[in-house]
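Dear colleague,

Please find below the structure that I am handing over to you.

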Amino acid sequence: MRVTLFVPCFIDSLYPNVGMAMVHVLERLGHTVEFPENQTCCGQPPFNSGYWDEARVVAAKQIAVFKDAEVILSGSGSCGAMFKVFYPELFHGQPMEPEAKAIAAKTWEFSEFLVNKLGVTDLGARFEGRATFHDGCHGLRELGTKLAPRELLKHVKGLELVEMGEAETCCGFGGTFAVKYPQISTAMAEVKCNSIQETQADYVISNDSSCLMQIGGWLNRNVGSIKCLHLAEVLASR
Amino acid sequence: MTALADPPRQQFQVDANRTSSDSPRRAAVRRALSNYKTARDRTGATFTDWKSARAAAATIKHEAVNHLDQYLEEFEQKFTARGGKVFWASDSKQARDYILNLAEAKGVRSIVKSKAMTGEEIHLNQALLEKGYGVVESDLGEYIQQLKGEAPYHFVFPCMHLRRDEISDLFEKELGTAKTDSPEELTMIARRVLRRAYIEADMGISGGNFIVADTGMISITENEGNARLTVGLPKIHVALIGIEKVVPRLGDLALFLPMLATAGTGQHLTGYNSMYGGPRQPGEIDGPEEFHVVFLDNHRTRLLADPEQRDALHCIRCGACLNVCPIFKNIGGHTYGTTYQGPIGSVITPHFRGLEDWKHLSGASSLCGACTETCPVGIDIHHHLLHNRRNAAAQKPAAGEQLLWKAFTFLMKRPALYRLATKFAPLGSLLHPLIARTMVDPVRSWTDTREFPAAPLHSFRAQFKAHQRAQTLASNLGGTQ
Ligand code: SF4
C-alpha cells in the first residue's frame, strides 16, 4: 500500500524521530511511504480560534496536496481529527465539500490503521520498561481510538503496560488554549502527571505528539525522570 | 459602553489564576467528583443499554424542543383547566415583576424557596429581599450558600466546595450553634431553622425539572423532601421554570427520571419525585390554594432560533458535564461568573447574556470533549464551544488576533516560505535558553510553567530525504550486483 504521511510542523521540527519511526514501522510491513514536500499545517490553530475563513485557506492547500493519496496518516491524533472530522464541517456547504470529505475518508489514526485496516498487532517490537498510556482527547473522542494502541503495546516484548487512573483525562494542551490560559492548562497537566507518577512508570506513551509536548514540558520542569514516547517510537524499536 | 476591558472576562482571568493554583480545594473537588463518577458508572451500568437510552432521550427532547409552542400550550390548557395560572415571562424583569406583584397583592410576608436555578438566573432573592420579604432557601446546599452570601458553586451541588468544618463555622457565626463535625448534626441544625420557615411562609417558590405536556403537570425531583414541603405548605405556590424543560408525555419520565438521577448524582432514582398538577382541588386535604407557573424565556428563544446550537435546549441540568470537566475541576464553579457553570454554561451564557461579553468562556476550554461524551441527552457541547468561537470571531474579530491568523495563513499557503521558516527552528532552540522565561521570551506563557522542547538539528523532512536517498542508493547498488 502507498501511505502518505502528514507531519505537522511541530513533529517536523521538534520530534522528527516520531515521523521516522512511523516510516520504519510502515516500511517493515512492506508499504511505501511518501511525504509530499508541499504540506504545511492542517489549519487547526486558526480553526480552533474561530477564524474559519483563514483555516479554510490553509486547509484547502492541504486538500490539494493530499488529493491523490491512497491513505493519509498523521503522528498527531489532533491533526488527524482535523482532517477526518473537522474538514467536512469546515467545508460544509462550500464548493470544496466533496474533496474535503474524500480526504476525511482516507485519513487514519496511526494505531487504528495498523490494527483495523492492516490487521497487524504484533510488529516484532522489543522495548524494555514500565510504561503507561495517555489517551489524547482528539484520538479518543473525535476518532474513537481506545483499544488499538493498547493492542499494539501488548505485543511489545519487554514492555510492561500499567494503566493510570486519569488515562482519559485531558492533559491540558488544547492548542492555543495552552498559552492563552497557561494557569488552567498547567493545573490540568499537573493532575495528569501526578496520575502518571502514581503508576511508577518510566515512560508515558501516547499516539499524540502534541499531548506529549505538554506532558513532557511539565514532567521535565517538575520531575525529570519520566520520559515521553510516541507509540510509533516504541513500535519501531527492537 | 465603557472602553475598558470587559469585566466578565477580567474577572474570569483573575479568578482562574487564583483557583487553579489552590491545590487543596482542587484536590477536594476532584475527590468529591471521583466518588460521584464511581457511583454514576455503577448505576449507569444497570441500564440495559445506556447508549440507546441516550439516543431515545435525545430524540424525545428534540421532538419537544422543535414543537415547543405546541407542547407548552398543551400544558397551559390542561394546567389552567384545574385552576392553575400560567404566566409567560419574556425576560427576567417580567418574571420578577409578576412574582413581586403577586406577593404584594396577596399580602405575603415570608417566602420559602426550594432549589431553582431560574431564580438565580433572574436574581429573584435579591429583588424579594429589597422589597422587604423574608426569603429562606430550603435546599440544604442552597441554604448554606444563602447564609454565606454566595452564589451556588455548582448548579446541582451548590456547596460542594465547602468542607464540613467550614459549614460548621458558618452555622456558628450565623446561627450561633456549637461546632460539630457530624453531617447529621449539621443537617439537624438547618432543619430546625427550615421547619419554622415552612410553617411561617405564605408563599412557596420552586423550580421544576420537567414540564409534562400531556397531563399538564410539573415534575420536581429532589433528595431532601424540602421541595415537597415548599409546594405543599404555603397558601400560594409559584414554580419558575425555563420553557425548554418540557417533555411531551408523562411516560417520558420513565426514562428521564432515572436518567437524571444517574447522570446527576449516580443514584438509581432521586429520593423524592413529585408531580404537581395545579392548586388544591375540591375535596383534597392539602396543597396550595393558588398555583402559578411562570414560564421563563429570557433569551431561550434566541437559542431556539439557532438550528446549529438548538440542541443545547435539550439540557436537563443534570450537571454531569461539570462533574467530568477538567476545567471545572481546576477552576471551580464561581470562576465562571455565570448562573450555569461548566461546559453547558459556557455554551448557553453567550446566547443568554451576549456573545461579546461571554465568549471567553468558550475560549477557556481544551475542547477535550469529556462533556459531550457524558451528556445523557447527547448535546454536542464541546463543538458548540467551537461554534461560539467562530461566531465571536465573525461578529467582532479581535484586531491583533485576526492579523496573527492572516500572517499565519500567508505563511502556510506558501510551502517554500514555510520550509524556510522551519529551517530556523534549530537556531531558535540554540538561542532560546538565553531568553527563556524573561520578558522577551515569545513563548513565555508556556515556559513559565513548562519546558519547551529543543529542536534537533535535522528536521523530519531532512531525515526523510536522506533516508530516501539511502534507499535509492541501496536499490541501485542491489540492481547492479
Ligand atoms: S448539558 Fe448534558 S450533561 Fe450538561 S447538565 Fe445538561 S444534560 Fe447534563
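**Overall form of chain A**

Of the 238 residues that make up chain A, 64% count as buried. Please bear in mind that this is a predicted model. Chain A contains 13 helices and 8 strands. Along the principal axes, its C-alpha atoms fill a box of roughly 50 × 45 × 30 Å.

How does the radius of gyration of chain A agree with that of a compact globule? For 238 residues, such a globule would have a radius near 18 Å, and chain A has 17 Å, so the two agree.

A:Ser13 belongs to helix α1 of chain A, which covers residues 9–13. Is this residue buried or exposed? A:Ser13 counts as buried because its relative accessibility is 10%, and the cut-off for buried is under 20%. Leaving aside residues up to four places away in sequence, A:Ser13 touches B:Thr422, B:Ala425, B:Ala455 and B:Pro456.

A:Trp218 lies in helix α12 of chain A, residues 209–222. With a relative accessibility of 10%, A:Trp218 therefore also counts as buried. Again without residues up to four places away in sequence, the residues touched by A:Trp218 include A:Thr186, A:Ala189, A:Glu190 and A:Cys193 in chain A, and B:Thr449 and B:Arg450 in chain B. A:Ala189 is 29 residues from A:Trp218 along the chain, yet their C-alpha atoms are separated by 6.6 Å.

**A helix of chain B**

Helix α17 of chain B spans residues 355–363, and its buried residues are B:Leu355, B:Trp358, B:His360, B:Leu361, B:Ser362 and B:Gly363. Which helices do these buried residues pack against? In chain A the partner is α10 (177–180), and in chain B the partners are α1 (7–19), α16 (342–353) and α19 (381–395).

**The ligand**

The ligand sits in the second largest cavity. Around the ligand there are 14 residues, of which B:Cys315, B:Cys318, B:Gly319, B:Cys321 and B:Cys375 come nearest. By class, this shell consists of 12 nonpolar residues, 1 polar residue and 1 charged residue.

Yours sincerely

How values were computed. Residues are numbered from 1 along each chain as its sequence is written. Chains are lettered from A and ligands numbered from 1 in the order in which they are written. This is a predicted model: local features need pLDDT of at least 70, side-chain atom pairs count only at pLDDT 80 or more; totals for chains, interfaces and linings use all residues. Side-chain values use heavy atoms; hydrogens and water are left out. A residue is near a molecule or strand if one of its heavy atoms lies within 4 Å of it. On a 1 Å grid over the protein atoms alone, a cavity is a set of points where a 1.4 Å probe fits but cannot get out, and a pocket is an open set with protein on both sides within 12 Å along at least five of seven lines; lining residues have an atom within 4 Å of a point. A molecule sits in a cavity or pocket if more than half of its atoms lie within 2 Å of its grid points. Ala, Val, Leu, Ile, Met, Phe, Trp, Tyr, Cys and Pro count as nonpolar, Asp, Glu, Lys and Arg as charged, and the others, Gly among them, as polar. Helices (H or I, at least four residues) and strands (E, at least two) are DSSP runs, numbered from the N terminus. The radius of gyration is taken over C-alpha atoms; the globule rule is 2.2 Å times the number of residues to the power 0.38. Buried means under 20% relative accessible area, exposed over 50%, partly exposed in between (1.4 Å probe, protein chains only). Contact means heavy atoms within 4.5 Å.
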